[in-house]
Every structure is written in C-alpha cells, then in structure tokens.
Amino acid sequence: MKMRRLKFDIPNQVLGALWMMGSMASWASMAALARYLSEEIHVFEIVFFRSVFGALFLVPWVLKVGISGLQTNRIGMHLIRGLTGLAVIYLLFFAIAHAPLGEVAAIMSTRPMVASLAAILILNEVAHGRRWIATIVGFFGAIIIIRPGIGPISDGAIYAFVAVLFMAALTIIMKSLARTEKPDTVVIWQMMVFTPCALIPALFVWQTPDTSQFFLLILTGLFGTFTQRCLTRAYAKADATVIMPFDFTRLIFSALLGLILFQEFPNVWVWVGGFVILVGVLWLAKLEGRVVKHSTKFGIRKEEK
C-alpha cells in the first residue's frame, strides 16, 4: 500500500517572509562569529577567510552556471563593485568588534534610507515630499540610537554608519551593472575580486588559526553565503513591502545572540530607535511599491504626487 505524500501550498508572501528571516538569522550568526573571533584574530584575516569559504560554498553553483558566468564587457565596474563590497565587509566586521551586536544591527537597518538619498542625489531620481519624510524618519531613529551630545559615540557605531554609506554606493553601482549584467555574473566576479584583494592586508597580520578557530571561520563563510542567497530568494518570492518588516528580526536575532554569547543586550534607546527606523523603512517601501505598480500599469516610471 502506497503512502500518499502530503503537499502543502505555502503562499509566496509567507515564503518571502521566511527567507527574509532566514537571511537575518544568518547575518546575526555571521556577526556573532566575527565578534567572537575578533578577540583572537585580526579582522583582516577574518574577512579573508570569510571571502575564501564564501567562494568555496558558491563553487557548485558556479560550475552549474559555467564559463558564461564570466563573460562581461565591464570588468572595471566589476572591480569597483568588488572593492566597494570588500570595504563594506571590513567596516562591518570592525563595527561588530567595537560595538554590541544589537546596536550594529539597528544602525544597519538605515541602509534603505541612505540608498534612497543616494539615488536622489546621484541618479537624479525624483523625490516627492513623502519620500523625504520617510527618509528623515529613518535618520531620526538612528539619532535616537547614538544620541549625539548625550554620551560618547562608540567607534563601532561610526564604523557601522560608514559601512551603510558604502552600502549605498554599492546600491548605485549595482543599479548600473543590472542594466547589462546577469546576477550570476555579478556574484562570480564579486568573489573573484574579494578573495585575492582580502589576502593582501591579511598577510600583514597573519596568525595561523587553530582547529576550533578554523571551524568557526568556515561557519562565518557559510553564514555569509546563506545571508545573500536567502535574501535573493526573499525578494524573488514577495514584494519589498511584504518582506521589509522582517528586516527588523535582524535586531532581534542579534540581541539574543549578544545576550547568550556576550552577556550584552541593547538598551531601550536601541529598541526605540530601531522601531522608528522600521517605520521609516516600511513607509519608504510602500512608496516605492506604489511607484513600481504605477510604472507597470502605464509602462512608464513616474513618481506619485
């Protein structure tokens, strides 16, 4: 007698949310490992191993894509994209080494606002009043977190904010590459730039990791790869307006790991600021979603008034 398989039809919105939460959990895990390792190994070396093992976990996928994934007429732009992405990782890992995980996670949530501002200033995208208000709300949340003038701003917070600025630049570069390049090509060239460039600074601070450290470095690369792959699948399954609220789980996962591993927990201002940033992100995502629907319906890209 054959057993019938149960088939569950999970809505794409739910799958998108789950993939987004998986991406945030992977990010928090990678951040926690980098924080732990930074007490014994220099950040330059951690970034190198993260790049190496991240590339190794992508090998089966690259083999599937084949040599066509390397074909490009924009090697210079791929080099700029790779170096900018590498700078983001350096700054992020330095931030994690100098500030609580929850605080870094909350600051990283301002990325959509900074990217939106960069698109307005650099790409000359149209900015209506509500888009400006949503961006200002997000930045106000960041100010609540760091509270300038009330207490000293940690080095980690500064590194995190600079990392967000580089991530905004990365968004602009990616928009340029997306016009001519396939996503597979961008990923392959990214890893080709990351690994050799990360090796150079690592050589100046090199210390051979022991067995346990080596295992944790492998996990850092694995979680880094999971973060990107889960995020890609999240956006493929659902609209940004659906999945962006779950970016807030980055703060929740980071806070839990910080408490368990390092006996640290974000203060109330981090939670309040994180919530304000979430409101700004949701508002911005809703506005962008309306623009996309409008352009899809009429075949043009036009901002709503």
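In which helix of the protein chain is confidence lowest, and in which is it highest?

**Figure 1. Confidence along the predicted model.** The structure shown is a predicted model. Confidence is lowest in α12, with a mean pLDDT of 68, and highest in helix α3 (residues 75-98), with a mean of 89. For the protein chain, the mean pLDDT is 78, and 81% of the residues reach 70 or more.

**Figure 2. Residues 294-305, where pLDDT stays under 50.** For residues 294-305, the model has 15 contacts beyond four places in sequence. Helix α12 covers residues 268-298. Where pLDDT is low, the predicted coordinates should not be read in detail.

**Figure 3. The stacked pair F49 and F53 in helix α2.** The whole structure contains 9 aromatic pairs. In one of them, the ring centres of F49 and F53 are 5.9 Å apart and the planes meet at 20 degrees, so this pair counts as stacked. Both residues belong to helix α2 (residues 43-65), where they are 4 residues apart, about one turn of the helix. F49 and F53 are both buried.

**Figure 4. The tilted pair F49 and W206.** F49 also pairs with W206: the centres of these rings lie 5.4 Å apart with their planes at 35 degrees, so the pair is tilted. This pair links distant parts of the chain, since F49 sits in helix α2 and W206 in the loop between α8 (183-204) and α9 (211-237), 157 residues apart. W206, at 36% relative accessibility, counts as partly exposed.

**Figure 5. The aromatic cluster around F49 and W206.** Ring pairs join F48, F49, F53, W206 and F214 into a cluster.

Figure 6. The structure has 1 cavity of 30 Å³ or more. About 70 Å³ of space lies in the largest cavity. By class, the lining residues are 6 nonpolar, 2 polar and 1 charged. Helix α12 (residues 268-298) gives the most to this lining, with 4 residues. Helix α12 is also where confidence is lowest, at a mean of 68.

Technical notes
Residues numbered from 1 in each chain as written. Predicted model: local features only at pLDDT ≥ 70, side-chain atom pairs only at ≥ 80, totals over all residues. Heavy atoms only, no water. 1 Å grid on protein atoms, 1.4 Å probe; cavity = no way out; pocket = protein on both sides within 12 Å on 5 of 7 lines; lining within 4 Å. Points joined across faces, edges and corners; volume = space filled by probe spheres on them. Helix = DSSP H or I, 4+ residues; strand = E, 2+ residues; numbered from the N terminus. Nonpolar A, V, L, I, M, F, W, Y, C, P; charged D, E, K, R; others polar. pLDDT = per-residue confidence, 0-100. Contact = heavy atoms within 4.5 Å. Phe/Tyr/Trp six-rings, centres within 6.5 Å; stacked < 30°, edge-to-face > 60°. Buried < 20%, exposed > 50% of the residue type's maximum accessible area, 1.4 Å probe, protein only.
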